[in-house]
Amino acid sequence: MRAVRQAALADNFCGCEREPFIGTIVIIPLDSVEYDDKLHAYLDDSSTPAEGGLVCSAGYLFEASKAREFRKQWEPYLKSKKIEFFHAKETQLRSDSEEMFLKLAELIKSTALRGFVNFLTPAALQSLDLSIRGYVGSGFSVSTLGCMHMMAEAAKERGKPIVYLVENSQEFGAELRTFFSQIKSDARQVENYAMAFADTAEKRDVIQLQAADLFAWSFTRSHYQQAWSTSVRNLVQDKMLRHTMGSFDPTMMSMIHSFYGMRSTKSWKRKR
């Protein structure tokens, strides 16, 4: 059987040939339904310039069948446009960007269960004393874990755990995976995050991450322009899909992580 990158395996947990775990590839039956009864979460991050800037993590919860439906419709559309994957920052430069942004927004609203965005300012992180900064880590990790907390509360209302897939960060992806490992080692934290699985992946491999990319990019672009962008309005204005916005206090997160013994592996200085 042909070897593929681990991230690519996560695209379709239900009915796929392989099951991904951190550092391991396990072959499972083609008709496996192990993840069909769980919610699937896809998250991506975005940021604006540091001075007066914003860091956010945004994403969507899907039922497993709807995550498959998203891929079934979006994959051929991308092929018709002759592009490998959607990336809002690059797609905005195309002559047909308005059409593509609208098409993706409509598909998200017809397949996703709910949208979430968690944000914070870099200044909020920089204000933390260095003695506690290590408990929260980077803006990428803080915003992502905060968004996952919000998703977990929604999942608990439905009595379902979540399969989390987060767009990887070259600089801080390893840090976030360390936090994931720390969560998985503590049953209390697994319950807090309603976590069935969590790992990082690439949007070119996991197509549903492209939905998260659109929301995250649109949110920080709106902040930068000081006006809601057309792409945000396409997602939320008609109220077809509920979107929840929040800001998870990094000081509070440092206290929570300290209690559970969670800590970044990085050494933090004021400039980060």
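This is a predicted model: local features need pLDDT of at least 70, side-chain atom pairs count only at pLDDT 80 or more; totals for chains, interfaces and linings use all residues.
Author: Local features here need pLDDT of at least 70, side-chain atom pairs count only at pLDDT 80 or more, and totals for chains, interfaces and linings use all residues. Residues are numbered from 1 along each chain as its sequence is written, and side-chain values use heavy atoms, with hydrogens and water left out.

Reader: Why is Phe140 called buried?

Author: Buried means under 20% relative accessible area; exposed means over 50%, and partly exposed lies in between (1.4 Å probe, protein chains only). Phe140 has a relative accessible area of 5%, so Phe140 is buried.

Reader: What does Phe140 touch?

Author: Contact means heavy atoms within 4.5 Å. Leaving out residues up to four places away in sequence, Phe140 touches Asp45, Val55, Val166, Glu167, Ser169, Phe172, Gly173 and Leu176. Take Gly173: 33 residues from Phe140 along the chain, with 8.4 Å between their C-alpha atoms. Phe140 itself sits in helix H7 (residues 139–158).

Reader: What makes a run a helix or a strand?

Author: Both are DSSP runs, numbered from the N terminus: helices are H or I with at least four residues, strands are E with at least two. Helix H4 (residues 97–111) has 15 residues.

Reader: How do you know what span to expect of H4?

Author: The expected span is 1.5 Å times one less than the number of residues. For H4 that gives 21 Å, and H4 reaches 21 Å from its first C-alpha to its last. Its buried residues include Met100, Phe101 and Leu104. The buried residues of H4 pack against E4, H2, H3, H10 and H11.

Reader: Why is strand E5 described as largely enclosed?

Author: Six of the seven residues of E5 (residues 114–120) are buried, so the rest of the structure largely encloses E5.

Reader: How do you know that E5 pairs with E4 and with E8?

Author: Two strands pair if DSSP finds at least two bridges between them. E4 and E5 have seven bridges and run antiparallel. Leu61 stands opposite Arg114 in E5. E5 and E8 have four bridges in the parallel sense. There, Gly115 has His243 in E8 as its bridge partner.

Reader: What makes E7 and E8 edge strands?

Author: The open sheet has six strands in the order E7-E6-E3-E4-E5-E8, with mixed pairing. E7 (195–201) and E8 (243–246) each pair on one side only.

Reader: Which angle does H2 make with E4?

Author: Axes are lines fitted to C-alpha atoms, for helices over the stretch in contact; angles run from 0 to 180 degrees between N-to-C directions. Helix H2 (residues 64–80) lies across E3 and E4, at about 105 degrees to E4.
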